[in-house]
Amino acid sequence: MHPAPAKKAAPLRAAKPARVARSLQKGQQTRAAILEAALGLASHMGLEGLSIGALADVTGMSKSGVFAHFGSREELQIAVVTEYHAKFEEEVFFTAIREPRGLPRLRAMFERWVRRVSVEVDSGCIYISGAVEFDDRPGPVRDALAGMVKAWHAALHKAIVLARDEGHLKVDADVDQIVFELHGLILSLHHDARFMRVPGALSRAGNGFERTIQFYATPLGLEIDRSRSASKNGAAKR
């Protein structure tokens, strides 16, 4: 009799990539969970309040487990700044740019910005608190934080230039000045609403934006802005 043919061994190469993929996915999920907890801590305690130990306590993990995903406190802080910026972009920028170029888009950017600040009254804005913590402390964390803020200012700057190009703002409108004024309104809102607990701070920020628009807008821009606002209000009531 001829011996029965030996069974072929299962190919190891097929199983190994699957195990690696599952391991990578689990690692990414764990890192995301740690990062979410870190973002919550930083919002309340500031970036300087972050530490591997504090994060281990919050997540119920070991310090070595947290350290495996973030090799240093500095790396953790930079990851938090990056995650915060990604959420800011999603909630403010990417929603606003769906609006037509010109004053409708600029208004949407400011209103979404105000809405986010209003939500952060009970936690804190990492852009603002981070500026206080790292204003005179050079290094990678400050560079990352400043880079994110500059990116947002650049987006605002571009929106204002487009509004001017569309004829919605006066041809001699000072773009940098408008960015400065809008950012100033947000800083005042955050200070009065979060620190001073002043009633009506949100309305004052809105009034400040309207005054800015009235000063820089053209008749065409004001007409389009009013028409767009009326259309949106009408749609909301239906």
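**Exercise 1. The chain as a whole**

What percentage of the 238 residues in the protein chain do buried residues make up? Describe also the elements and the surface of the protein chain.

*Solution.* The structure is a predicted model. Step one concerns burial: 37% of the 238 residues in the protein chain are buried. Step two concerns the elements: the protein chain has 10 helices and zero strands, so that, read from the N terminus, the order is α-α-α-α-α-α-α-α-α-α. Step three concerns the surface: the accessible surface of the protein chain comes to about 14200 Å², and carbon and sulfur atoms account for 57% of this area. Step four concerns contacts: among those between residues at least 6 apart in sequence, 71% join residues at least 24 apart.

**Exercise 2. The largest nonpolar core**

Determine which residues of the largest nonpolar core touch the most other members, and which helix gives the largest share of this core.

*Solution.* The largest nonpolar core has 63 residues, and those that touch the most other members are Leu47, Val80, Trp113 and Leu169. The elements that contribute two or more residues to this core include helix 1 (12-45), helix 4 (73-96), helix 5 (103-119), helix 7 (140-165) and helix 8 (175-195). The largest share, 10 residues, comes from helix 7.

**Exercise 3. Trp113 and the aromatic rings**

List the residues that Trp113 touches, not counting residues up to four places away in sequence, and name the aromatic cluster that contains Trp113.

*Solution.* First, the contacts of Trp113 are Phe88, Val92, Trp152, Leu156, Leu182, His183 and Ile186, when residues up to four places away in sequence are not counted. Next, Trp113 forms one aromatic cluster with Tyr84, Phe88, Tyr127 and Trp152. The structure holds seven aromatic pairs. Finally, two charged ends sit over rings. That of Arg116 is placed over the ring of Tyr84, 4.8 Å from its centre. That of Lys170 is placed over the ring of Phe215, 5.4 Å from its centre.

**Exercise 4. Helix 7 and helix 5**

Compare the span of helix 7 with the value expected at 1.5 Å a residue, do likewise for helix 5, and state which residues of each helix are buried.

*Solution.* Helix 7 has 26 residues, and its first and last C-alpha atoms are 37 Å apart, close to the expected 38 Å. The buried residues of helix 7 are Val141, Ala144, Leu145, Met148, Trp152, Ala155, Leu156, Ala159, Ile160, Leu162 and Ala163. An α-helix has 3.6 residues a turn, so residues three or four places apart point the same way. The buried residues of helix 7 pack against helix 4, helix 5, helix 6 and helix 8. Helix 7 is followed by Gly167, whose phi is positive, near 85°.

Helix 5 has 17 residues and reaches 24 Å from its first C-alpha to its last, close to the 24 Å expected. Because 12 of these 17 residues are buried, helix 5 is largely enclosed by the rest of the structure. Among the buried residues are Leu103, Arg105, Arg107, Phe110, Trp113 and Arg116.

Technical notes:
Residues are numbered from 1 along each chain as its sequence is written. This is a predicted model: local features need pLDDT of at least 70, side-chain atom pairs count only at pLDDT 80 or more; totals for chains, interfaces and linings use all residues. Side-chain values use heavy atoms; hydrogens and water are left out. Helices (H or I, at least four residues) and strands (E, at least two) are DSSP runs, numbered from the N terminus. Buried means under 20% relative accessible area, exposed over 50%, partly exposed in between (1.4 Å probe, protein chains only). Contact means heavy atoms within 4.5 Å. Accessible areas come from the Shrake-Rupley method with a 1.4 Å probe; for residues, only the protein chains shown count as cover. A nonpolar core is a set of buried Ala, Val, Leu, Ile, Met, Phe, Trp, Tyr and Cys residues joined through side-chain atoms within 4.5 Å. Rings of Phe, Tyr and Trp (its six-membered ring) pair if their centres lie within 6.5 Å; planes under 30 degrees apart count as stacked, over 60 as edge-to-face and the rest as tilted. A charge sits over a ring if NZ of Lys or CZ of Arg is within 6 Å of the ring centre and within 35 degrees of the ring normal. The expected span of a helix is 1.5 Å times one less than its number of residues.
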